[in-house]
Amino acid sequence: MVLQRLQSLYLLIAAILLGVFTFTTSTTITTGDTQYLIGAMATGTGAEAAPNYVLCILNALTAVLALVTIFKYKNLKLQLKLCSICITLTLAIAASIGILTYQAMNGGEVQVMLSNVLLALAVVFFFLARRGVAHDKKVIHDSESFR
């Protein structure tokens, strides 16, 4: 199908954005001299920071699902569902970061990093891909109705 090129590009960009987001810090909470980091690869204070496995798994699952969605171009109905699942998982990542930030605040100064824009951009690209797939599905359905 020639129609799939732009959606594949959107899905690839979203997967790359999620991959980059995995290795960045999302939020820093400063209380006195201590800094509490929240991110997929480092959550905690300074030397005690450890990977947050929930965020790592959600990021990896969403990025892999985006890549799988690219190759499901022959099944537009499944591709629509997978795009919707990717959007939902990306929003779940954002919600879990929000929950972790709320739990760790303790009256400290919260600094939301610019890397959170990567999540928002990933949602936008997933939405654009979903919209493109829906458009292609409509075009194919309309062309089949003329037969």
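Trainee: Why is the crossing of α2 and α3 called left-handed?

Mentor: α2 passes α3 in a left-handed crossing. The term applies because the near helix is turned anticlockwise from the far one by less than a right angle; clockwise would be right-handed. This is a predicted model, where local features need pLDDT of at least 70, side-chain atom pairs count only at pLDDT 80 or more, and totals for chains, interfaces and linings use all residues. Residues are numbered from 1 along each chain as its sequence is written, and side-chain values use heavy atoms, without hydrogens or water.

Trainee: What makes α2 and α3 roughly antiparallel?

Mentor: Their axes come within 9 Å and cross at roughly 160°. So α2 counts as roughly antiparallel to α3. The cut-offs are over 145 degrees for roughly antiparallel, under 35 for roughly parallel, 65 to 115 for roughly perpendicular, and oblique for the rest. Axes are lines fitted to C-alpha atoms, for helices over the stretch in contact; angles run from 0 to 180 degrees between N-to-C directions.

Trainee: Which residues make the contact between α2 and α3?

Mentor: Among them are Leu58, Leu61 and Leu65 of α2, and Leu82, Ile85 and Leu89 of α3. Contact means heavy atoms within 4.5 Å.

Trainee: What span is expected of helix α3?

Mentor: α3 covers residues 76–104 and has 29 residues. A helix is a DSSP run of H or I with at least four residues; a strand is a run of E with at least two; both are numbered from the N terminus. The expected span is 1.5 Å times one less than the number of residues. For α3 that gives 42 Å, and the helix reaches 42 Å from its first C-alpha to its last.

Trainee: How do you know whether Thr43 is buried or exposed?

Mentor: Its relative accessibility is 14%. Buried means under 20% relative accessible area, exposed over 50%, partly exposed in between (1.4 Å probe, protein chains only). Therefore Thr43 counts as buried. Thr43 sits in the loop between β2 (34–39) and β3 (44–45).

Trainee: And what makes Asn52 buried?

Mentor: Asn52 has a relative accessible area of 13%, so it is buried. Its place is the loop between β3 and α2. Beyond its neighbours within four places in sequence, Asn52 is in contact with Gly39, Ala40, Thr43 and Leu100.

Trainee: Why is Ala60 called partly exposed?

Mentor: Ala60 is at 43% relative accessibility, so it counts as partly exposed. Ala60 lies in helix α2.
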